Amino acid sequence: MDKIVVTGGGTLNGVIPISGAKNAALPLMISSLLTADPLVLENVPHLADTESLIRILTNHGVGYQVEGKRKGQNGGEGRTIHFTAGEIVDTTAPYELVSKMRASFWVIGPLLARMHEARVSLPGGCAIGTRPVDLFLESLTALGAKLDVEAGYVVATAPGGLKGAGYRFPKVSVGATHVAMMAASLARGQTVLENAAREPEIVDLARCLIAMGARISGAGTSTIVIDGVEALHGARHRVLPDRIETGTYAMAVAMTGGDVLLEGAQPDLLQAALDILVEAGVEIEPTNEGIRVRRNGSGLRPVNVSTAPFPGFPTDLQAQLMALMTRAEGDSRITETIFENRFMHVQELARLGARISLEGQSAIVHGVGHLTGAPVMATDLRASVSLVIAGLVAQGETTVNRVYHLDRGFERLEEKLRNCGARIQRVAA
Ligand code: UD1
(Lines give C-alpha, C1' and ligand atoms only; values in the text may rest on other atoms or scores of the structure.)
Protein backbone atom coordinates (compact mmCIF):
# COMPACT_ATOMS: atom_id res chain seq x y z
CA MET A 1 0.00 0.00 0.00
CA ASP A 2 1.33 3.48 -0.89
CA LYS A 3 2.68 5.84 1.77
CA ILE A 4 3.11 9.59 1.82
CA VAL A 5 6.40 10.86 3.18
CA VAL A 6 6.56 14.49 4.31
CA THR A 7 9.74 16.24 5.38
CA GLY A 8 8.88 19.15 7.63
CA GLY A 9 10.18 22.71 7.36
CA GLY A 10 9.79 25.50 4.83
CA THR A 11 6.83 27.64 3.91
CA LEU A 12 4.19 27.20 1.20
CA ASN A 13 4.14 29.74 -1.62
CA GLY A 14 2.37 29.79 -4.96
CA VAL A 15 -1.00 28.75 -6.38
CA ILE A 16 -3.18 25.75 -5.52
CA PRO A 17 -6.08 25.11 -7.91
CA ILE A 18 -9.21 23.98 -6.04
CA SER A 19 -10.99 20.94 -7.48
CA GLY A 20 -14.71 20.28 -7.86
CA ALA A 21 -16.36 19.28 -4.58
CA LYS A 22 -16.42 15.56 -3.88
CA ASN A 23 -19.50 15.93 -1.69
CA ALA A 24 -21.38 17.71 -4.48
CA ALA A 25 -20.14 15.48 -7.30
CA LEU A 26 -21.40 12.30 -5.60
CA PRO A 27 -25.10 13.28 -5.27
CA LEU A 28 -25.00 14.99 -8.69
CA MET A 29 -23.73 11.79 -10.31
CA ILE A 30 -26.43 9.82 -8.48
CA SER A 31 -29.11 12.18 -9.78
CA SER A 32 -28.33 10.91 -13.30
CA LEU A 33 -30.45 7.87 -12.33
CA LEU A 34 -33.53 10.12 -12.35
CA THR A 35 -33.65 10.62 -16.12
CA ALA A 36 -33.22 8.60 -19.32
CA ASP A 37 -31.47 11.60 -20.92
CA PRO A 38 -27.77 12.44 -20.60
CA LEU A 39 -26.67 14.45 -17.57
CA VAL A 40 -23.40 16.23 -18.30
CA LEU A 41 -21.34 17.16 -15.25
CA GLU A 42 -18.35 19.48 -15.56
CA ASN A 43 -15.51 19.81 -13.05
CA VAL A 44 -15.91 16.29 -11.65
CA PRO A 45 -12.90 15.56 -9.40
CA HIS A 46 -10.85 12.46 -10.16
CA LEU A 47 -10.96 10.59 -6.84
CA ALA A 48 -11.27 7.04 -5.56
CA ASP A 49 -14.80 7.88 -4.35
CA THR A 50 -16.01 9.20 -7.71
CA GLU A 51 -14.51 6.13 -9.41
CA SER A 52 -16.30 3.78 -6.96
CA LEU A 53 -19.57 5.56 -7.60
CA ILE A 54 -19.10 5.19 -11.35
CA ARG A 55 -18.82 1.42 -10.79
CA ILE A 56 -22.07 1.44 -8.81
CA LEU A 57 -23.89 3.52 -11.42
CA THR A 58 -22.74 1.33 -14.29
CA ASN A 59 -24.03 -1.69 -12.38
CA HIS A 60 -27.49 -0.07 -12.50
CA GLY A 61 -27.11 0.43 -16.25
CA VAL A 62 -25.79 3.99 -16.42
CA GLY A 63 -23.50 4.63 -19.36
CA TYR A 64 -20.73 7.21 -18.97
CA GLN A 65 -18.28 8.94 -21.18
CA VAL A 66 -15.45 11.23 -20.19
CA GLU A 67 -15.03 14.18 -22.57
CA GLY A 68 -11.63 14.36 -24.26
CA LYS A 69 -9.09 16.71 -22.75
CA ARG A 70 -8.96 20.10 -24.39
CA LYS A 71 -5.68 21.53 -25.65
CA GLY A 72 -3.72 23.16 -22.86
CA GLN A 73 -5.42 21.18 -20.11
CA ASN A 74 -2.86 19.58 -17.87
CA GLY A 75 -5.05 16.63 -17.02
CA GLY A 76 -5.54 17.82 -13.48
CA GLU A 77 -8.46 20.07 -14.21
CA GLY A 78 -11.87 18.61 -13.45
CA ARG A 79 -13.27 16.25 -16.03
CA THR A 80 -16.53 16.61 -17.90
CA ILE A 81 -18.48 13.37 -17.75
CA HIS A 82 -21.69 12.40 -19.56
CA PHE A 83 -23.93 10.04 -17.58
CA THR A 84 -26.86 8.38 -19.34
CA ALA A 85 -29.31 6.15 -17.49
CA GLY A 86 -31.33 5.25 -20.62
CA GLU A 87 -32.53 2.08 -19.00
CA ILE A 88 -32.09 0.98 -15.40
CA VAL A 89 -31.14 -2.68 -15.74
CA ASP A 90 -30.71 -3.53 -12.05
CA THR A 91 -32.28 -1.91 -8.97
CA THR A 92 -29.96 -3.71 -6.53
CA ALA A 93 -26.90 -1.95 -5.12
CA PRO A 94 -24.79 -4.83 -3.80
CA TYR A 95 -22.80 -4.96 -0.57
CA GLU A 96 -19.43 -5.37 -2.37
CA LEU A 97 -19.89 -1.94 -3.96
CA VAL A 98 -21.87 0.00 -1.33
CA SER A 99 -19.65 -1.04 1.58
CA LYS A 100 -16.75 0.98 0.10
CA MET A 101 -18.47 4.32 0.42
CA ARG A 102 -21.43 5.45 2.48
CA ALA A 103 -22.80 7.91 -0.08
CA SER A 104 -23.51 5.09 -2.53
CA PHE A 105 -26.50 4.20 -0.31
CA TRP A 106 -28.08 7.40 -1.66
CA VAL A 107 -29.00 5.65 -4.95
CA ILE A 108 -32.03 4.40 -3.00
CA GLY A 109 -33.82 7.75 -3.56
CA PRO A 110 -33.67 7.98 -7.37
CA LEU A 111 -34.18 4.21 -7.87
CA LEU A 112 -37.31 4.28 -5.77
CA ALA A 113 -38.60 7.44 -7.45
CA ARG A 114 -38.03 6.25 -11.01
CA MET A 115 -38.35 2.45 -10.78
CA HIS A 116 -40.63 2.25 -7.71
CA GLU A 117 -38.27 -0.30 -6.19
CA ALA A 118 -34.74 -0.57 -4.85
CA ARG A 119 -32.66 -3.08 -2.94
CA VAL A 120 -29.66 -1.35 -1.44
CA SER A 121 -27.04 -2.74 0.92
CA LEU A 122 -26.64 -0.94 4.24
CA PRO A 123 -23.59 1.33 3.86
CA GLY A 124 -19.95 1.34 4.96
CA GLY A 125 -17.72 4.41 4.63
CA CYS A 126 -15.40 6.17 7.09
CA ALA A 127 -15.35 4.68 10.58
CA ILE A 128 -16.53 7.84 12.31
CA GLY A 129 -19.34 6.77 14.58
CA THR A 130 -22.34 4.56 14.02
CA ARG A 131 -23.84 6.65 11.18
CA PRO A 132 -27.30 5.08 11.05
CA VAL A 133 -29.76 5.36 8.14
CA ASP A 134 -32.96 5.92 10.15
CA LEU A 135 -33.56 9.40 8.72
CA PHE A 136 -33.41 8.08 5.16
CA LEU A 137 -35.88 5.34 5.97
CA GLU A 138 -38.23 7.67 7.84
CA SER A 139 -38.32 10.34 5.14
CA LEU A 140 -38.82 7.81 2.33
CA THR A 141 -41.59 6.18 4.34
CA ALA A 142 -43.24 9.59 4.64
CA LEU A 143 -43.16 9.74 0.81
CA GLY A 144 -45.10 6.47 0.68
CA ALA A 145 -42.31 3.89 0.37
CA LYS A 146 -42.56 0.51 2.06
CA LEU A 147 -39.25 -0.48 3.58
CA ASP A 148 -37.85 -3.62 5.12
CA VAL A 149 -34.36 -4.56 6.19
CA GLU A 150 -33.49 -8.07 5.04
CA ALA A 151 -30.07 -9.71 5.37
CA GLY A 152 -28.17 -6.42 5.41
CA TYR A 153 -30.19 -4.89 2.58
CA VAL A 154 -32.88 -2.22 2.64
CA VAL A 155 -35.66 -3.48 0.39
CA ALA A 156 -37.87 -0.60 -0.72
CA THR A 157 -40.97 -0.50 -2.87
CA ALA A 158 -43.44 2.21 -3.83
CA PRO A 159 -46.21 0.56 -5.87
CA GLY A 160 -47.82 3.26 -7.99
CA GLY A 161 -44.95 5.67 -7.21
CA LEU A 162 -43.95 8.01 -4.39
CA LYS A 163 -46.39 10.62 -3.08
CA GLY A 164 -45.49 14.11 -1.92
CA ALA A 165 -45.76 14.73 1.83
CA GLY A 166 -44.63 16.95 4.66
CA TYR A 167 -41.61 15.68 6.59
CA ARG A 168 -39.58 17.28 9.35
CA PHE A 169 -36.09 15.83 9.88
CA PRO A 170 -35.59 15.27 13.62
CA LYS A 171 -31.86 15.91 13.06
CA VAL A 172 -30.05 17.70 10.24
CA SER A 173 -28.64 15.19 7.75
CA VAL A 174 -26.91 16.12 4.52
CA GLY A 175 -27.35 12.69 2.95
CA ALA A 176 -30.98 12.25 3.94
CA THR A 177 -31.79 15.73 2.59
CA HIS A 178 -30.12 14.91 -0.75
CA VAL A 179 -32.06 11.66 -1.01
CA ALA A 180 -35.44 13.09 -0.02
CA MET A 181 -35.00 15.97 -2.49
CA MET A 182 -34.16 13.60 -5.36
CA ALA A 183 -37.00 11.23 -4.48
CA ALA A 184 -39.58 14.02 -4.10
CA SER A 185 -38.66 15.48 -7.51
CA LEU A 186 -40.50 12.57 -9.17
CA ALA A 187 -43.22 12.08 -6.51
CA ARG A 188 -46.86 12.92 -7.15
CA GLY A 189 -47.78 16.24 -5.52
CA GLN A 190 -45.94 18.56 -3.15
CA THR A 191 -43.27 17.68 -0.57
CA VAL A 192 -42.22 20.07 2.17
CA LEU A 193 -38.96 19.14 3.92
CA GLU A 194 -38.35 20.92 7.21
CA ASN A 195 -35.13 21.11 9.21
CA ALA A 196 -33.36 20.26 5.94
CA ALA A 197 -29.57 20.52 5.64
CA ARG A 198 -28.42 23.89 4.25
CA GLU A 199 -24.99 22.85 2.98
CA PRO A 200 -23.81 24.40 -0.33
CA GLU A 201 -23.80 20.91 -1.84
CA ILE A 202 -27.58 20.73 -1.25
CA VAL A 203 -27.97 23.99 -3.15
CA ASP A 204 -25.75 22.66 -5.95
CA LEU A 205 -27.84 19.50 -6.29
CA ALA A 206 -31.08 21.53 -6.25
CA ARG A 207 -29.70 23.76 -9.04
CA CYS A 208 -28.89 20.74 -11.15
CA LEU A 209 -32.29 19.12 -10.51
CA ILE A 210 -34.00 22.40 -11.45
CA ALA A 211 -31.98 22.44 -14.70
CA MET A 212 -33.31 18.90 -15.26
CA GLY A 213 -36.90 20.15 -14.94
CA ALA A 214 -37.53 19.68 -11.20
CA ARG A 215 -39.60 22.25 -9.31
CA ILE A 216 -37.70 23.02 -6.12
CA SER A 217 -37.59 26.14 -3.97
CA GLY A 218 -35.90 26.96 -0.66
CA ALA A 219 -32.72 24.87 -1.05
CA GLY A 220 -30.10 26.50 1.16
CA THR A 221 -32.73 27.29 3.80
CA SER A 222 -34.11 24.80 6.30
CA THR A 223 -37.42 24.43 4.44
CA ILE A 224 -37.33 22.97 0.94
CA VAL A 225 -40.50 22.75 -1.14
CA ILE A 226 -40.58 20.29 -4.03
CA ASP A 227 -43.47 20.01 -6.49
CA GLY A 228 -43.13 16.61 -8.11
CA VAL A 229 -43.01 16.33 -11.90
CA GLU A 230 -43.73 13.33 -14.13
CA ALA A 231 -40.27 13.10 -15.67
CA LEU A 232 -36.92 14.88 -15.65
CA HIS A 233 -34.74 15.60 -18.66
CA GLY A 234 -31.03 15.98 -19.34
CA ALA A 235 -28.96 18.99 -18.34
CA ARG A 236 -25.41 20.31 -18.14
CA HIS A 237 -24.11 21.38 -14.74
CA ARG A 238 -20.76 22.47 -13.27
CA VAL A 239 -19.77 21.03 -9.86
CA LEU A 240 -19.06 23.78 -7.32
CA PRO A 241 -15.54 24.17 -5.83
CA ASP A 242 -14.59 21.95 -2.88
CA ARG A 243 -14.90 23.98 0.34
CA ILE A 244 -13.26 21.24 2.42
CA GLU A 245 -10.24 21.07 0.12
CA THR A 246 -10.11 24.89 0.26
CA GLY A 247 -10.18 24.92 4.06
CA THR A 248 -7.60 22.14 4.25
CA TYR A 249 -5.03 24.00 2.15
CA ALA A 250 -5.82 27.26 3.96
CA MET A 251 -4.91 25.47 7.19
CA ALA A 252 -1.77 24.01 5.64
CA VAL A 253 -0.58 27.53 4.73
CA ALA A 254 -1.60 28.78 8.17
CA MET A 255 0.56 26.00 9.61
CA THR A 256 3.72 26.54 7.57
CA GLY A 257 3.45 30.26 6.91
CA GLY A 258 3.82 31.63 3.38
CA ASP A 259 1.56 33.07 0.73
CA VAL A 260 -0.74 30.93 -1.41
CA LEU A 261 -3.62 31.68 -3.78
CA LEU A 262 -6.36 29.04 -3.55
CA GLU A 263 -7.46 29.38 -7.15
CA GLY A 264 -11.18 29.08 -7.87
CA ALA A 265 -12.11 28.94 -4.15
CA GLN A 266 -15.28 30.71 -3.04
CA PRO A 267 -15.13 32.37 0.41
CA ASP A 268 -18.91 32.25 1.01
CA LEU A 269 -18.73 28.43 1.00
CA LEU A 270 -16.59 28.35 4.14
CA GLN A 271 -16.93 31.70 5.89
CA ALA A 272 -17.07 30.15 9.39
CA ALA A 273 -13.73 28.40 8.85
CA LEU A 274 -12.11 31.51 7.33
CA ASP A 275 -13.30 33.58 10.32
CA ILE A 276 -11.58 31.12 12.69
CA LEU A 277 -8.35 31.36 10.72
CA VAL A 278 -8.48 35.16 10.93
CA GLU A 279 -9.04 34.86 14.68
CA ALA A 280 -5.96 32.63 14.83
CA GLY A 281 -3.89 35.36 13.15
CA VAL A 282 -3.95 34.26 9.50
CA GLU A 283 -4.47 36.80 6.69
CA ILE A 284 -7.35 35.85 4.40
CA GLU A 285 -8.03 37.93 1.32
CA PRO A 286 -10.81 37.14 -1.17
CA THR A 287 -9.62 38.04 -4.69
CA ASN A 288 -11.10 37.77 -8.18
CA GLU A 289 -9.19 34.53 -8.68
CA GLY A 290 -10.02 32.86 -5.36
CA ILE A 291 -8.76 33.23 -1.80
CA ARG A 292 -5.27 34.39 -0.86
CA VAL A 293 -3.96 32.96 2.43
CA ARG A 294 -0.91 34.43 4.14
CA ARG A 295 0.97 34.11 7.40
CA ASN A 296 4.31 35.77 7.91
CA GLY A 297 6.01 34.07 10.82
CA SER A 298 3.80 35.58 13.51
CA GLY A 299 2.53 33.19 16.18
CA LEU A 300 -0.82 31.43 15.95
CA ARG A 301 -3.47 32.35 18.49
CA PRO A 302 -5.54 29.53 20.08
CA VAL A 303 -9.25 29.28 19.25
CA ASN A 304 -12.45 27.84 20.67
CA VAL A 305 -14.56 26.04 18.05
CA SER A 306 -17.59 23.75 17.87
CA THR A 307 -18.49 21.93 14.69
CA ALA A 308 -22.05 22.50 13.44
CA PRO A 309 -24.16 22.00 10.34
CA PHE A 310 -23.70 24.67 7.64
CA PRO A 311 -23.21 27.64 7.99
CA GLY A 312 -21.28 26.58 11.11
CA PHE A 313 -17.72 25.25 11.27
CA PRO A 314 -17.67 21.99 9.23
CA THR A 315 -16.89 18.69 10.95
CA ASP A 316 -14.86 17.83 7.85
CA LEU A 317 -12.31 20.51 8.83
CA GLN A 318 -12.15 19.60 12.52
CA ALA A 319 -9.11 17.30 12.28
CA GLN A 320 -7.18 19.81 10.14
CA LEU A 321 -7.89 22.64 12.62
CA MET A 322 -6.72 20.41 15.45
CA ALA A 323 -3.43 19.78 13.66
CA LEU A 324 -3.02 23.53 13.21
CA MET A 325 -3.80 24.31 16.85
CA THR A 326 -1.05 21.96 18.06
CA ARG A 327 1.27 24.87 17.16
CA ALA A 328 -0.79 27.71 18.67
CA GLU A 329 0.53 29.75 21.59
CA GLY A 330 -1.88 28.49 24.24
CA ASP A 331 -4.80 26.11 24.72
CA SER A 332 -7.59 25.63 22.16
CA ARG A 333 -10.87 23.84 22.69
CA ILE A 334 -12.38 21.95 19.74
CA THR A 335 -15.82 20.39 20.22
CA GLU A 336 -17.26 17.83 17.80
CA THR A 337 -21.05 17.86 17.72
CA ILE A 338 -21.83 16.02 14.46
CA PHE A 339 -20.12 12.64 14.76
CA GLU A 340 -19.58 10.80 18.01
CA ASN A 341 -16.28 9.12 17.21
CA ARG A 342 -14.32 11.62 15.23
CA PHE A 343 -11.16 12.04 17.33
CA MET A 344 -9.12 9.13 16.05
CA HIS A 345 -6.50 11.56 14.79
CA VAL A 346 -5.76 12.63 18.39
CA GLN A 347 -3.56 9.66 19.21
CA GLU A 348 -1.74 9.91 15.90
CA LEU A 349 -1.08 13.65 16.37
CA ALA A 350 0.25 12.71 19.82
CA ARG A 351 2.81 10.46 18.10
CA LEU A 352 4.16 13.62 16.47
CA GLY A 353 4.46 15.33 19.88
CA ALA A 354 1.06 17.06 20.12
CA ARG A 355 -0.47 17.44 23.60
CA ILE A 356 -4.22 16.93 23.41
CA SER A 357 -6.58 15.88 26.19
CA LEU A 358 -10.12 14.67 25.59
CA GLU A 359 -13.09 15.76 27.67
CA GLY A 360 -16.16 14.01 26.26
CA GLN A 361 -17.00 15.65 22.95
CA SER A 362 -14.22 18.23 23.35
CA ALA A 363 -10.50 18.12 22.70
CA ILE A 364 -8.26 20.53 24.56
CA VAL A 365 -5.21 21.18 22.42
CA HIS A 366 -2.22 22.48 24.38
CA GLY A 367 0.00 24.28 21.89
CA VAL A 368 3.57 22.95 21.75
CA GLY A 369 6.78 24.57 20.50
CA HIS A 370 7.50 21.93 17.91
CA LEU A 371 6.36 18.61 16.45
CA THR A 372 8.63 15.73 15.52
CA GLY A 373 8.18 13.47 12.50
CA ALA A 374 7.09 9.85 13.02
CA PRO A 375 5.25 7.06 11.20
CA VAL A 376 1.49 7.58 11.58
CA MET A 377 -1.68 6.00 10.31
CA ALA A 378 -5.15 7.37 9.83
CA THR A 379 -8.51 5.71 9.82
CA ASP A 380 -10.52 8.30 7.92
CA LEU A 381 -10.22 10.73 5.10
CA ARG A 382 -10.04 14.07 6.93
CA ALA A 383 -7.90 12.63 9.75
CA SER A 384 -5.30 11.50 7.18
CA VAL A 385 -4.90 14.96 5.77
CA SER A 386 -4.56 16.46 9.26
CA LEU A 387 -1.46 14.28 9.68
CA VAL A 388 -0.04 15.62 6.42
CA ILE A 389 -0.60 19.19 7.69
CA ALA A 390 1.19 18.36 10.93
CA GLY A 391 3.98 16.66 8.97
CA LEU A 392 4.62 19.87 7.01
CA VAL A 393 6.07 21.49 10.16
CA ALA A 394 7.28 18.44 12.10
CA GLN A 395 11.05 18.13 12.40
CA GLY A 396 12.29 15.30 10.20
CA GLU A 397 10.21 12.78 8.32
CA THR A 398 6.55 11.91 8.82
CA THR A 399 5.26 8.82 7.02
CA VAL A 400 1.50 8.66 6.59
CA ASN A 401 0.35 5.10 6.04
CA ARG A 402 -2.97 3.92 4.57
CA VAL A 403 -2.93 6.57 1.86
CA TYR A 404 -6.07 5.19 0.22
CA HIS A 405 -8.06 7.36 2.61
CA LEU A 406 -6.43 10.48 1.13
CA ASP A 407 -7.09 9.28 -2.40
CA ARG A 408 -10.80 9.05 -1.61
CA GLY A 409 -11.12 12.80 -1.20
CA PHE A 410 -8.05 14.81 -2.26
CA GLU A 411 -7.16 15.17 -5.90
CA ARG A 412 -3.39 15.22 -6.57
CA LEU A 413 -2.60 16.23 -2.99
CA GLU A 414 1.17 15.71 -3.16
CA GLU A 415 1.47 17.52 -6.48
CA LYS A 416 -0.54 20.52 -5.30
CA LEU A 417 1.55 20.88 -2.13
CA ARG A 418 4.85 20.15 -3.88
CA ASN A 419 4.18 22.89 -6.42
CA CYS A 420 4.12 25.31 -3.47
CA GLY A 421 7.43 24.12 -2.08
CA ALA A 422 6.43 21.28 0.25
CA ARG A 423 8.77 18.31 0.49
CA ILE A 424 6.24 15.55 0.08
CA GLN A 425 6.25 12.37 -1.94
CA ARG A 426 4.32 9.19 -2.47
CA VAL A 427 6.24 5.98 -1.99
CA ALA A 428 4.83 2.85 -3.56
CA ALA A 429 5.03 -0.03 -1.12
C1 UD1 B 1 -22.04 14.26 4.70
C2 UD1 B 1 -20.68 14.39 4.08
C3 UD1 B 1 -19.58 14.23 5.13
C4 UD1 B 1 -19.82 15.20 6.27
C5 UD1 B 1 -21.24 15.10 6.80
C6 UD1 B 1 -21.57 16.17 7.83
C7 UD1 B 1 -20.99 13.59 1.82
C8 UD1 B 1 -20.69 12.55 0.80
N9 UD1 B 1 -20.52 13.37 3.04
O10 UD1 B 1 -22.11 12.94 5.24
O11 UD1 B 1 -18.32 14.48 4.51
O12 UD1 B 1 -18.91 14.91 7.33
O13 UD1 B 1 -22.19 15.23 5.73
O14 UD1 B 1 -21.38 17.44 7.30
O15 UD1 B 1 -21.58 14.60 1.52
N16 UD1 B 1 -27.57 10.53 10.99
C17 UD1 B 1 -28.51 9.78 11.65
N18 UD1 B 1 -29.41 9.06 10.89
C19 UD1 B 1 -29.39 9.09 9.54
C20 UD1 B 1 -28.43 9.89 8.86
C21 UD1 B 1 -27.53 10.60 9.64
O22 UD1 B 1 -28.55 9.73 12.88
O23 UD1 B 1 -30.23 8.41 8.92
C24 UD1 B 1 -26.59 11.30 11.81
C25 UD1 B 1 -25.15 10.91 11.54
O26 UD1 B 1 -24.77 9.77 12.26
C27 UD1 B 1 -24.42 12.16 12.00
C28 UD1 B 1 -25.39 13.29 11.61
O29 UD1 B 1 -26.66 12.65 11.43
O30 UD1 B 1 -24.26 12.14 13.40
C31 UD1 B 1 -25.03 14.01 10.35
O32 UD1 B 1 -24.79 13.10 9.32
P33 UD1 B 1 -25.09 13.43 7.79
O34 UD1 B 1 -25.29 14.89 7.63
O35 UD1 B 1 -26.16 12.52 7.32
O36 UD1 B 1 -23.72 13.00 7.11
P37 UD1 B 1 -23.51 12.34 5.68
O38 UD1 B 1 -24.56 12.81 4.74
O39 UD1 B 1 -23.28 10.89 5.85
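User: In what order do the four strands of the open sheet stand?

Analyst: This is a predicted model, in which local features need pLDDT of at least 70, side-chain atom pairs count only at pLDDT 80 or more, and totals for chains, interfaces and linings use all residues. Residues are numbered from 1 along each chain as its sequence is written, and side-chain values use heavy atoms, without hydrogens and water. Strands are DSSP runs of E with at least two residues, and helices are runs of H or I with at least four, numbered from the N terminus; two strands pair if DSSP finds at least two bridges between them. With mixed pairing, the open sheet has the order β4-β5-β3-β14.

User: Why is one side of β4 and of β14 left without a neighbour in the sheet?

Analyst: β4 (63-66) and β14 (235-238) each have a single partner strand. One side of each therefore lacks a neighbour, because both stand at the edges.

User: Which residue of β5 is the bridge partner of Val66?

Analyst: β4 and β5 (residues 79-84) run antiparallel and are joined by four bridges. In β5, the partner of Val66 is Ile81.
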